[in-house]
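Hi,

Here is the structure I promised to pass on.

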Amino acid sequence: MNRWVEAARLRTLPLTVACILLGNAVAFSNNCFRLSIFVLSIVTALLLQVIANFANDLGDAQKGTDDHTRVGPKRLVSFGLISVQEMYQGIAVAITVCSILGLLLLYISFGTDWYSLGIFVFFGVCSILAALGYTLGKYAYGYHGLGDVFSFLFFGILGVLGSFYLQDHSNCLPLLLLGCAHGFLVVAVLNVNNMRDYQGDKIKGKRTVVVKFGPNFGTVYHCFLIMASLVCYTYYAISNEKYYSFIFIAGYAVLFLSLRRIMLRNVRNYNIDPELKRTSVGALLVAVLFSAGLTC
């Protein structure tokens with residue numbers, strides 16, 4: 001059982017919860033919140049992330065990306081702790097459970113509104129395909145520098161706007177700024193991961209954004225992602241008069257401290273791997289604090 005917990009990569013899951021939390025916090029502030037939808041949304045989103053993590057473990061193993069030279073936690077399929085067949089079975093089970101819970105979620109939210117059901121079933125299928133396609137298959141988009149785009153769309157914009165609409169059934173476009181704010185931080189976490197894995201990815205042909213444009217670009221790109229998220233969060237809070245939400249600034253203390261270490265890594269020889277956790281924690285803290293402010 002421990003090997004499957006390790007394959008699920010628990011430290012990647014909180015940011016998935018964060019996008020659901022943001023959307024539901026806005027719904028709560030609009031006096032339109034159901035606990036059953038909130039819980040099912042979180043569980044379904046977590047299962048989607050687990051599917052992506054299982055597929056990533058399998059896909060990188062099949063392409064030879066994860067070997068003894070890899071920096072960071074070891075991957076289960078590459079080291080023979082989970083067989084290829086077992087991982088395929090694990091992915092199938094996760095997809096089945098995710099689909100059942102997802103359909104239950106949609107039924108509770110929309111009932112017999114077939115139009116809304118159809119749209120969200122489409123989004124659900126796309127989400128599963130995106131989770132699988134990150135590193136699995138001949139044309140895995142994670143190997144062609146598109147991981148940032150898909151992470152921004154699915155764990156930022158779609159996660160926040162979709163979780164709100166499941167509760168409120170009203171126009172969710174005003175939440176676009178909030179979806180972008182969280183999406184930028186999700187991509188920032190992925191960018192730190194790609195900066196850490198730069199040498200290995202370059203050798204093995206995994207063309208992430210950092211591999212395509214170099215580690216110095218990765219640092220500048222990281223600065224942009226942090227600052228863009230700050231601007232989006234701030235503008236949303238001001239334009240919607242959600243002034244209690246400004247407690248989220250405390251979370252940026254963690255992000256800026258991590259950013260400083262990333263910017264100085266070549267000068268002071270900092271190990272960048274710990275910054276992955278710090279960036280993830282900072283992004284989660286920002287989302288939690290912002291959500292708490294929305295509900296006041």
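Asp60 and Lys206 are both buried (buried is under 20% relative accessible area, exposed over 50%, partly exposed in between, with a 1.4 Å probe and protein chains only). The two form a salt bridge, with 3.8 Å between the closest N and O atoms. The pair ties together distant parts of the chain: Asp60 sits in helix H3, Lys206 in the loop between helix H8 (198-204) and helix H9 (209-213), 146 residues apart. By salt bridge I mean a side-chain nitrogen of Lys or Arg within 4 Å of a carboxyl oxygen of Asp or Glu.

Before you go further, note that this is a predicted model, where local features need pLDDT of at least 70, side-chain atom pairs count only at pLDDT 80 or more, and totals for chains, interfaces and linings use all residues. Residues are numbered from 1 along each chain as its sequence is written, and side-chain values use heavy atoms, leaving out hydrogens and water. Mean pLDDT (the predictor's confidence in each residue, from 0 to 100) is 91, and 96% of the residues reach 70 or more.

Another one pairs Glu275 with Arg278, closest N and O atoms 2.4 Å apart. These two are about one helical turn from each other, because they lie three residues apart in helix H13 (residues 273-294). Glu275 is buried at 1% relative accessible area, whereas Arg278 is partly exposed at 35%. There is also a network of salt bridges with shared partners, joining Arg196, Asp197 and Asp273.

As for the fold, you'll see 13 helices and zero strands (DSSP runs numbered from the N terminus: helices are H or I, at least four residues; strands are E, at least two). The radius of gyration is 19 Å, close to the 19 Å from the globule rule for 296 residues, so the protein is as compact as a globular protein of that length (taken over C-alpha atoms; the rule is 2.2 Å times the number of residues to the power 0.38). Buried residues make up 51% of the 296.

Val43, in helix H3, is partly exposed at 33% relative accessibility.

Cheers
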